[in-house]
Structures are given as C-alpha cells and as structure tokens.
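Me: I'm new to this one and I'd like to know what stands behind each label. Could you take me through it?

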Amino acid sequence: MICNNVTVNEKGHLQFAGFDTVDLAAKYGTPLYLMDENKIREHIKEYKSAFLKYFPAGSNPEFASKSFSCKQIYRIMNEEGMCIDAVSAGEIYTAKSAGFNMSHCFFHGNNKTDCDIAFAIDSGVGYFVIDNFEEIEAVNLIAKKKGIIQKALLRI
C-alpha cells in the first residue's frame, strides 16, 4: 500500500492511523473524510528539508489549496510555516478565518474578478500570481485606491 498508516485489525476492519474505520463510520456516519495529521506534518517536514537542501535560501514549498481547503488544513500549514496558493476568494476566506498568516498566501487563477482582487488585498495576501496585462492593471488600480503596493509575480 502507498500509506503505511493503513492496516487491517483483528476484526478484519480497515484501520486508518490506528482507528477502526467501522467504528468511525458508526460514530460519524458516511461518507467520512479522514486525514492523518501526523502524516501530513511528516510530509511537510520532508518537503521543507528537501527545499533547504536543494533550493536557494528563501525558497518554500506551497500547499495547493484546491487539493483540500478546510480550516484545519490551514491551521496545520500555518503552524508548520508553510506557504499556500489559493485560486478563489472562498479559499482565501477559509484560510483567513482559520488564522492563516496571509502574507504566506499566493493568489493564483486566471479569472480573478475585481471583487476577488479587492477581497484578496483586504485579506492581506502576500502575492498575486498574475496571468495577463488586464490583471496587472486591475491589481495596480485597486491596490493604489487602497493606498498599498501589492507584491506580485508574473506567470509567463
């Protein structure tokens, strides 16, 4: 198996991270999404270690919010000092409401509306990842109206 935290117990039940999934289903209902926080943190440490070893100082791995956007994952990412990328105002809202350090958020996406841009700036996102000339103008205009200089990366 890919995961070393999945086993079958003496009852013949699937166990995830030491928990009997039949018992969990009985307690919480199905479908049930399980995540192993210890395993997530272990993988984060592996990525961060690889970045320290193989990339220039200041390089950081980013968690792709589109893979799983929920408050607890953002709390874990924040505690581990991770950066995130977000592709929607909803992901930004969820990360911010979880207490995530928004200066470590990179706002991707090629269809950002002016409302999305304003919300992201107000939320304190660290960087916009800009895809086109119209977005450069929109981010600059909205940031200027708010009296800030917004950091941005150009995706080419």
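Me: What makes S7 and strand S8 (residues 152-154) a pair?
Reply: Two strands pair if DSSP finds at least two bridges between them, and three bridges join S7 to S8, which run parallel. So by that rule they count as paired. For a spot to look at, Val129 has Leu153 in S8 as its bridge partner. The names come from DSSP runs numbered from the N terminus: helices are H or I with at least four residues, strands are E with at least two.

Me: How does the chain get from S7 to S8?
Reply: The path goes through helix H6 (residues 133-145), and this β-α-β crossover is right-handed. Right-handed here means that, with the strands pointing away from the viewer, the path from the first strand over the helix to the second runs clockwise.

Me: Before we go on, what kind of model is this, and how are things counted?
Reply: This is a predicted model, where local features need pLDDT of at least 70 and side-chain atom pairs count only at pLDDT 80 or more, while totals for chains, interfaces and linings use all residues. Residues are numbered from 1 along each chain as its sequence is written, and side-chain values use heavy atoms, with hydrogens and water left out.

Me: How do you know that strand S6 (residues 105-107) pairs with S7?
Reply: Two bridges join S6 to S7 (residues 127-130), and the strands run parallel. The rule asks for at least two, so the pair qualifies. Phe106 has Tyr127 in S7 as its bridge partner. With helix H5 (residues 114-123), S6 and S7 make a right-handed β-α-β unit.

Me: And what does S6 do with S5?
Reply: S5 and S6 pair in the parallel sense over three bridges; Ile84 has Cys105 in S6 as its bridge partner. These two strands and helix H4 (residues 89-97) make a right-handed β-α-β unit.

Me: Which way do the residues of strand S5 (residues 83-86) point?
Reply: Cys83 and Asp85 point one way, Ile84 and Ala86 the other, and all are buried. In a regular strand the side chains alternate between the two faces of the sheet. S5 is also joined to S4 by three bridges, running parallel, with Asp85 in S5 as the bridge partner of Ala64. The chain crosses from S4 through H3 to S5, again as a right-handed β-α-β crossover.

Me: Why is Asn5 called buried?
Reply: Buried means under 20% relative accessible area, exposed over 50%, and partly exposed in between (1.4 Å probe, protein chains only). Asn5 has 13% relative accessibility, so it counts as buried. It lies in the segment before S1.

Me: Why is Ala17 called partly exposed?
Reply: Its relative accessibility is 30%, so Ala17 lands in the partly exposed range. Ala17 is found in the loop between S2 and S3, and has a positive phi of about 50° although it is not a glycine.

Me: How many helices and strands does the protein chain have?
Reply: There are six helices and eight strands.

Me: Why is the protein chain called more spread out than a compact globule?
Reply: The radius of gyration is taken over C-alpha atoms, and the globule rule is 2.2 Å times the number of residues to the power 0.38. For 156 residues the rule gives 15 Å, but the protein chain has 19 Å, well over that, so it is more spread out than a compact globule. Its C-alpha trace spans about 65 × 40 × 25 Å along the principal axes.

Me: What is the peptide bond between Thr30 and Pro31 like?
Reply: A cis peptide bond joins them, with omega about -5°. Pro31 is found in the loop between helix H1 (21-28) and H2.
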